[in-house]
Amino acid sequence: MKILAFAGSTSSTSINRELVKFVLKDFKDEEINLIDLNDFDMPVFSVDREKKGFPEEAHHFLKAIEECDVIICSLAEHNRSYSAAFKNVFDWASRINVKVFQDKPMFLMSTSPGGYGGGNVMNTAKIFFPNFGADIKETFSLPKFYENFDLESGVINPEMLKELNNKVENFKNTIRK
């Protein structure tokens, strides 16, 4: 199975990337393509720019999705929405193929330093991503990242770790049927 994984952030210290990397440890026997949104830097989307053609990076993003079997992502929340970097990649890609996620099963996550764990962006994505070809099988939000996650150990809150482990197992079971 080929897994495409990414964080919806371009931060060099992305906590969402850390959450993705932690979850990927449960998929060590799979082929993993962990991409960095920094590799998909494009001009800000506009209809005027679209008339001049699509950036190669948008095609590369869609190709990465095409080549995978499942998607694991954790979205950064900026002002209760997607990060500008993710939104821009998404906007360009959706103009090439409205089914950006190409009906691939997805494990959707979010985390933040605050108590809501990026829940606003995740809830928005749960509503809109299926319209763009995401088959969301499981979701997980980790609040208070710096209190509940250790860079060496991963999720250190026992209740949240149990919840995450259950969701990872549920995700594995749904994609292997």
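Is Ser14 buried or exposed? Ser14 is buried, because its relative accessible area is 6%, and under 20% counts as buried. The model is predicted.

**Ser14**

- Ser14 sits in the loop between strand 1 (2-8) and helix 1.
- The side chain of Ser14 reaches the backbone nitrogen of Asn16 at 3.3 Å.
- Leaving aside residues up to four places away in sequence, Ser14 touches Ala7 and Ser9.

**Helix 1 and helix 7**

- Helix 1 spans residues 15-24 and helix 7 spans residues 158-175; the two pack at an angle of about 60°, and their axes are 11 Å apart.
- With that angle, helix 1 is oblique to helix 7.
- The crossing of helix 1 and helix 7 is right-handed.
- On the helix 1 side the contact involves Leu19, Phe22 and Val23, which meet Leu161, Leu164 and Val168 in helix 7.
- The residues of this contact divide into six nonpolar, no polar and no charged.

**Helix 3 and helix 4**

- Helix 3 (residues 56-66) packs with helix 4 (residues 84-96) at an angle of about 80°, with 9 Å between their axes.
- Helix 3 is therefore roughly perpendicular to helix 4, since angles of 65 to 115 degrees count as such.
- Ala58, His59, Phe61 and Leu62 in helix 3 meet Val89, Trp92, Ala93 and Ile96 in helix 4.

Conventions:
Residues numbered from 1 in each chain as written. Predicted model: local features only at pLDDT ≥ 70, side-chain atom pairs only at ≥ 80, totals over all residues. Heavy atoms only, no water. Axes fitted to C-alpha atoms, helices over the stretch in contact; angles between N-to-C directions. Helix = DSSP H or I, 4+ residues; strand = E, 2+ residues; numbered from the N terminus. Parallel < 35°, antiparallel > 145°, perpendicular 65-115°, else oblique. Left-handed = near helix turned anticlockwise from the far one by under 90°. Contact = heavy atoms within 4.5 Å. Nonpolar A, V, L, I, M, F, W, Y, C, P; charged D, E, K, R; others polar. Buried < 20%, exposed > 50% of the residue type's maximum accessible area, 1.4 Å probe, protein only. Polar contact = N/O pair within 3.5 Å; in protein donor to acceptor, adjacent residues only side chain to side chain.
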